[in-house]
Amino acid sequence: MSYVEEVYDILVVGAGHAGCEAALAAARLGFETILFTVSMDSVALMPCNPNIGGSSKGHLVREIDALGGEMGKNIDKTYIQSKMLNRSKGPAVHSLRAQADKGEYTKEMRRTLQREPHLTLRQQEVTELILAEGRRVTGVRTCSGAIYHAKAVILCTGVYLKARCIYGETISYTGPNGLSAANHLSDSMAEAGIGIRRFKTGTPPRIDRKSIDFSKTVEQKGDERIVPFSFENRAEDIEREQISCWLTYTNEETHQIIKENIHRSPLYSGVIQGTGPRYCPSIEDKIMKFPDKDRHQLFIEPEGEFTDEMYLDGMPSSLPEDVQYRMVHSVPGLENAKIVRNAYAIEYDCISATELKPSLEFKEVEGLFAAGQINGSSGYEEAGAQGLIAGINAARKLQGKDPVILSRSDGYIGVLIDDLVTKETREPYRMMTSRAEYRLLLRQDNADLRLTPIGYEIGLISEERYQRFLRKKEMIESEIQRLEETPIGAAKKTQEFLTAHDSAPLRTGAVLADLLRRPEFHYQDLEELDPDRPKEGITEEIAEQIEISIKYEGYIKRQKNQVEHFLKMEGKRIPADLDYSQVKNLRKEARQKLEAVRPVSLGQASRISGVSPADVSQLMLFLRL
């Protein structure tokens, strides 16, 4: 019997958000890349909430864009509502969030993939890894028996490995939305010595827009002033009419229905074995774990411009169909709601990312990378960020270059990957601003200033874009310097201006930057006192950078000092082949954890759960660092 046999440079398994970014990065760096999907309908699919961004996740998307990735551009093309979250708080936690047109998002990403010159998109289930002697991946085999050779393979399988969807006693052995599961690849991975574990996630019911009484809900509109996700877009280029979302709440009746039927939930009956996400619990988990809360928010969000399906954000569940109807009908505005798709939980195979290097390459299988939910993370944005880094590093491996490893002080992507590969994640990992120690430096507004030079060095940022970036950076720096050096006296005009703005009068001479440091002033407010201000080039985006840099100067300096100490620890490298049994006075638990993770630096060693400061000191003494 004969089989198809083809050769590529890089092979990507899975065309979700991780796979799309990985494949595009590899292809754009000049490598012949093939991207496998179980279904063309699953390309960049949003099986859960059709939105991109949100608290901390918006940071990830802007960092993906700053490095040359695609997610930000794609959501800018297909959003139906856009909001900047946490505006009432400091700039460190401002996060952009956009509701997507689910169908259009998938179509646009698929169109982008198919237009990429060095990229082939293929619908086929990958069932087996092909390894050479010496634990090196050389390709894959598909369900048809076809063999695809490659120098690097990236696993981006999402929630499809041995997936099963569950609500009540109804179990279907499929991936999300009834798409085919991948039922064989995890067996091949296990045979290769890769540890497999079981996680679960869930999604809420979708309801028919025509059956909702919106008069009993609160309208949630998008922002009037749009902020693009991509630094290449201007607000005026992507502005469009937005579609409202709606807010309602559960109540005591909802909670009572759930409590009376909790024994019928697969989560509580033992049918579901996988570990679910702590920060995105099912509605039954919320009710049982927070019994004192008398209501929970539910956001009714459109799935797209040309569909009547509405996503009931806040009500993921695996309860039986009849219970789902009762609990939905107990909610104000949804008394007569018709369910279009039932809520369900989904279980799937994944790995522990501690088996990976910080480059996302497997420690024990050369040339094999993993990104996205297979690594134990949750969320489209976390997946896209990992996919981009895996694609870059697979390409750099073939180029004979060192991998790109972002540190925790470089970006949220660095925090995400360091957490995954260093700390044992016992539940689906979700990015949060609280995980980033240096979040005042890692704001979503300055992602390009932090990461675009890295994207340019990699080869994913064009020369034209890089020159625009350099002009922006120079303008910010020169304007900050001008404000710091421009004196302003306590003349009558100045005092009248300050009085009119309820600001304290000047008692001595000052510079314009001193006024901008006052909380009541924004950059635009001082134009009246600043006749020498540049007449062109200072966009809202640039003004924001100037203002933040000056207002938060003291805090920023403090965090930069902390980063210097952090980088010293990161710079103390640990040999990859270090025999930890030779390090005296290490506790048994620390030795086991260090051998399992094999940290690349003392900094990473210090973040491993079970490794104490005393253990790190013993390592320093042994290595004479």
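**Exercise 1. How much space lies in the second largest pocket?**

Solution. The structure is a predicted model, in which local features need pLDDT of at least 70, side-chain atom pairs count only at pLDDT 80 or more, and totals for chains, interfaces and linings use all residues. Residues are numbered from 1 along each chain as its sequence is written, and side-chain values use heavy atoms, with hydrogens and water left out.

Step 1. A pocket is an open set of points on a 1 Å grid over the protein atoms alone, where a 1.4 Å probe fits, with protein on both sides within 12 Å along at least five of seven lines. The volume is the space filled by probe spheres set on the points, which are joined across faces, edges and corners. For the second largest pocket, this space is about 1,400 Å³.

Step 2. Lining residues have an atom within 4 Å of a point. The second largest pocket has 39 of them, and Thr539, Glu540, Glu541, Ile542 and Glu544 lie nearest its centre. Two or more lining residues come from each of α6 (235-238), α13 (447-458), α14 and α17 (540-551); helices here are DSSP runs of H or I with at least four residues, and strands are runs of E with at least two, numbered from the N terminus. The largest share, eight residues, belongs to α17.

Step 3. By class, the lining holds 18 charged, 13 nonpolar and eight polar residues. Asp, Glu, Lys and Arg count as charged; Ala, Val, Leu, Ile, Met, Phe, Trp, Tyr, Cys and Pro as nonpolar; the others, Gly among them, as polar.

**Exercise 2. Determine how many aromatic pairs there are, and describe two of them.**

Solution. Step 1. Rings of Phe, Tyr and Trp (its six-membered ring) pair if their centres lie within 6.5 Å; planes under 30 degrees apart count as stacked, over 60 as edge-to-face and the rest as tilted. The count by this rule is seven aromatic pairs.

Step 2. The ring centres of Phe214 and Trp246 are 4.6 Å apart and the planes stand at 45°, so this pair is tilted. Phe214 belongs to the loop between β15 (206-208) and β16 (218-220) and Trp246 to strand β17 (residues 245-249), so the pair ties together parts 32 residues apart in sequence. Phe214 and Trp246 are both buried, where buried means under 20% relative accessible area, exposed over 50%, and partly exposed in between (1.4 Å probe, protein chains only).

Step 3. Tyr466 and Phe469 make a stacked pair, with 5.9 Å centre to centre and 25° between the planes. These two residues are three apart in helix α14 (residues 463-485), a separation of about one helical turn, and both are buried. Together with Tyr456, they are linked by ring pairs into a cluster.

**Exercise 3. Identify the partners of strand β11 and state whether its faces are buried.**

Solution. Step 1. Two strands pair if DSSP finds at least two bridges between them. Strand β2 (residues 10-13) runs parallel to β11 and is joined to it by four bridges; strand β22 (residues 368-370), also parallel to β11, is joined by three.

Step 2. Val153 of β11 stands opposite Leu11, and its bridge partner in β22 is Leu368.

Step 3. Strand β11 (residues 152-155) is covered on both faces: Ala152 and Ile154 on one side, and Val153 and Leu155 on the other, are all buried.
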